Amino acid sequence: MPPAFVLRPPLVGALRGALAAVSPVSCAGCGAPDLELCGACRDLLLPRPVEAVHAGLRVVTALRYEFEVREAVLAYKQRGRLRLAAELGPALRAAVDVALPPGAPPALLVAVPPSPSGRRRRGWDPVTTLARAAGVTASVGLLVVRPGRSSSQKRLDREQRARARLGSLRCRVDLTGRRVVVLDDVLTTGSTVQEARRALEEAGAEVVAAVCLAATPLAARVAA
Ligand SMILES: [Zn+2]
């Protein structure tokens, strides 16, 4: 006879249903129920580092920002599913390792800061949190000195975005002679990493590359 505390299957199902009602969880990529991330979506987050050159800057990205990958990144960034940092971190790490292979001269990783409105809304910083999960240290030397025009930014083309970004970041530390890699989450037109590069070079840095977790299909066309 089974011990009294073993729940029979109907009770297990009822309990799971009750828990789902209290704390519903579904795969961040495809929405499959009862999982933080399903096996198929976890496979889609396996890093596939791609190198491209954007306006003379070497950019390494680990994932393609579309479909389930985009959903998972959005769940992490916009819906506060911080546990996904552990799932996304290895991809960022793989891209960092391509940008800075063993034996390469060391470089400081500098995170692109969140916009002031993003920081207020979330209360945490997606890029540095992701870097920690990737096992790398990201410096927070860059400051947003002028908010981007984010509400209309999605409708701007590449040149308009670059103009809107120009002068929006400033580096608050002297980086004279330091090799630096820019770190960001999603690469779209490249205007943000280029603005980060400009601000870091103004502070004396030699910007050797940028690393982003994921690149939109648009980013691939911009680089081509
Ligand atoms: Zn899934």
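1. Cysteine 30 counts as partly exposed, because its relative accessibility is 43%; on this scale buried means under 20% relative accessible area, exposed over 50%, and partly exposed in between (1.4 Å probe, protein chains only). Cysteine 41, at 5%, counts as buried. Both coordinate the zinc ion through SG, as do Cys27 and Cys38, at 2.2 to 2.4 Å. Donors here are N, O and S atoms within 2.8 Å of the metal (3.2 Å for Na, K and Ca); water is not among the atoms, so sites may look incomplete.

2. The model is predicted: local features need pLDDT of at least 70, side-chain atom pairs count only at pLDDT 80 or more, and totals for chains, interfaces and linings use all residues. Residues are numbered from 1 along each chain as its sequence is written, and side-chain values use heavy atoms, with hydrogens and water left out.

3. What is the arrangement of the four donor atoms around the zinc ion? It is tetrahedral, because the angles they subtend are 104 to 116°; four donors count as tetrahedral if all angles lie between 85 and 135 degrees. Along the chain the donors follow the spacing C-x2-C-x7-C-x2-C. Cysteine 30 lies in the loop between H1 and H2 and cysteine 41 in helix H2, so this pair ties together parts that are 11 residues apart in sequence.

4. The protein has 10 helices and seven strands; helices (H or I, at least four residues) and strands (E, at least two) are DSSP runs, numbered from the N terminus. Of its 224 residues, 42% are buried. Among contacts (heavy atoms within 4.5 Å) between residues at least 6 apart in sequence, 74% join residues at least 24 apart.

5. There are 12 salt bridges in the structure, each being a side-chain nitrogen of Lys or Arg within 4 Å of a carboxyl oxygen of Asp or Glu. One of them joins arginine 81 and glutamate 36 (3.5 Å, N to O). Arginine 81 sits in the loop between helix H3 (67–77) and helix H4 (85–99), and glutamate 36 in the loop between helix H1 (9–22) and helix H2 (39–44), 45 residues apart. Both residues are buried.

6. Lysine 77 and aspartate 185 also form a salt bridge, with their closest N and O atoms 3.2 Å apart. Lysine 77 belongs to helix H3 and aspartate 185 to strand S6 (residues 179–187), so the pair ties together parts 108 residues apart in sequence. Lysine 77 counts as buried at 17% relative accessibility, and aspartate 185 does so at 8%.

7. Glutamate 202 and arginine 198 form a salt bridge (3.0 Å, N to O) within helix H9 (residues 191–202), where they are four residues apart, about one turn of the helix. Glutamate 202 counts as exposed at 59% relative accessibility, while arginine 198 is partly exposed at 24%.

8. The largest nonpolar core has 41 residues, and Leu63, Leu88, Leu92, Leu183, Val211 and Leu213 touch the most other members. Such a core is a set of buried Ala, Val, Leu, Ile, Met, Phe, Trp, Tyr and Cys residues joined through side-chain atoms within 4.5 Å. H4 gives the most to this core, with seven residues. Another core, of 22 residues, lies apart from it and includes Leu57, Leu175, Leu187 and Ala205.

Note on methods. Four donors count as tetrahedral if all angles lie between 85 and 135 degrees; four count as square planar and six as octahedral if opposite donors are over 155 degrees apart and all others between 65 and 115; anything else is irregular.
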